[in-house]
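Have the structure open as you read.

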Amino acid sequence: MALYRLIYVSQAVSGLEYPDLVEIMEKSERNNKNVGITGMLSFGDSMFLQVLEGSRRVISQTYNRILLDKRHVNAELIDFSEIEHRDFDLWSMKVVQFGNQAQVRNIILKYSSSEIFSPISMTGKQSLSFLLELTELYHKGLVS
Ligand SMILES: Cc1cc2nc3c(=O)[nH]c(=O)nc-3n(C[C@H](O)[C@H](O)[C@H](O)COP(=O)(O)O)c2cc1C
């Protein structure tokens, strides 16, 4: 079965709170596990940046459902490509929330033109590298 990766960015609606994130995380973990999706959802500076890996059909179905979710707006597709292997195979969906940690700001600076997290201006490669570096910070316990 061919594997695909989809990356998109979106803006959280104002008023989105921690319990919303927890609910998104719980549903994503359960649903994605059932259909073989893996990935990561980062949340910081009111922006979501999410990567989904899996078959083309389940990624499309899941993305279509995510787009209808009223907890975010202005979703923009960054990357959709066929891949050889999964980069996020440990997680059915890992939600990583970040704030002003210096290490996070450093990788933001590396992949954007300003200190403000602006995934909308990242290329597919930059957004993937950003998420992979965030994964490393997670493993080091620097973000949770
Ligand atoms: C930023 C964001 C990311 C989401 N990611 C996923 C996801 O990866 N998988 C998923 O099933 N639902 C995800 N959701 C939730 C869906 O929009 C939807 O609420 C959920 O899939 C409905 O699940 P249910 O039919 O089991 O109630 C996400 C929502 C938001 C706002």
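Q: In which hand does H3 cross H4?
A: The model is predicted, so the answer rests on computed axes. H3 covers residues 102-111 and H4 covers residues 124-139. Where H3 passes H4, the crossing is right-handed.

Q: How are H3 and H4 oriented, roughly parallel or roughly antiparallel?
A: Two packed helices are described by the angle between their axes and the distance between the axes. For H3 and H4, the axes are 10 Å apart and the angle is about 165°. Angles over 145 degrees count as roughly antiparallel. Therefore H3 and H4 are roughly antiparallel.

Q: Which residues of H3 make the contact with H4?
A: On the H4 side, the contact uses Gln126, Ser129, Phe130, Glu133, Leu134 and Leu137. By class, the residues of the contact divide into six nonpolar, three polar and one charged. From H3 come Gln103, Val104, Ile107 and Tyr111.

Q: Which strands stand at the edges of the sheet?
A: The sheet is open, with five strands in the order E4-E1-E3-E2-E5 and mixed pairing. An edge strand here has a single partner, so one side of it is left without a neighbour in the sheet. The edge strands are E4 (72-83) and E5 (94-97).

Q: In what sense do E2 and E5 pair, parallel or antiparallel?
A: Strands of a sheet pair through backbone hydrogen bonds, either parallel or antiparallel. E2 spans residues 38-44 and pairs with E5 over four bridges. In this pair, phenylalanine 43 stands opposite glutamine 97 of E5. The sense is parallel.

Q: Which strands does H1 touch?
A: H1 packs on the sheet. Its direction makes about 155° with that of E5. The strands touched by H1 are E2, E3 and E5.

Q: Which element gives the most residues to the shell around the ligand?
A: The ligand is surrounded by 16 residues, and the closest are Ser28, Asn31, Phe48, Asp69 and Arg71. Elements that give two or more residues to this shell are H1 (18-35), E3 (47-54) and H2 (56-67). With five residues, the element that gives the most is H1.

Conventions. Residues numbered from 1 in each chain as written. Predicted model: local features only at pLDDT ≥ 70, side-chain atom pairs only at ≥ 80, totals over all residues. Near = placed C-beta within 6 Å. Pairing = 2+ DSSP bridges. Contact = placed C-beta atoms within 7 Å. Axes fitted to C-alpha atoms, helices over the stretch in contact; angles between N-to-C directions. Parallel < 35°, antiparallel > 145°, perpendicular 65-115°, else oblique. Left-handed = near helix turned anticlockwise from the far one by under 90°. Nonpolar A, V, L, I, M, F, W, Y, C, P; charged D, E, K, R; others polar.
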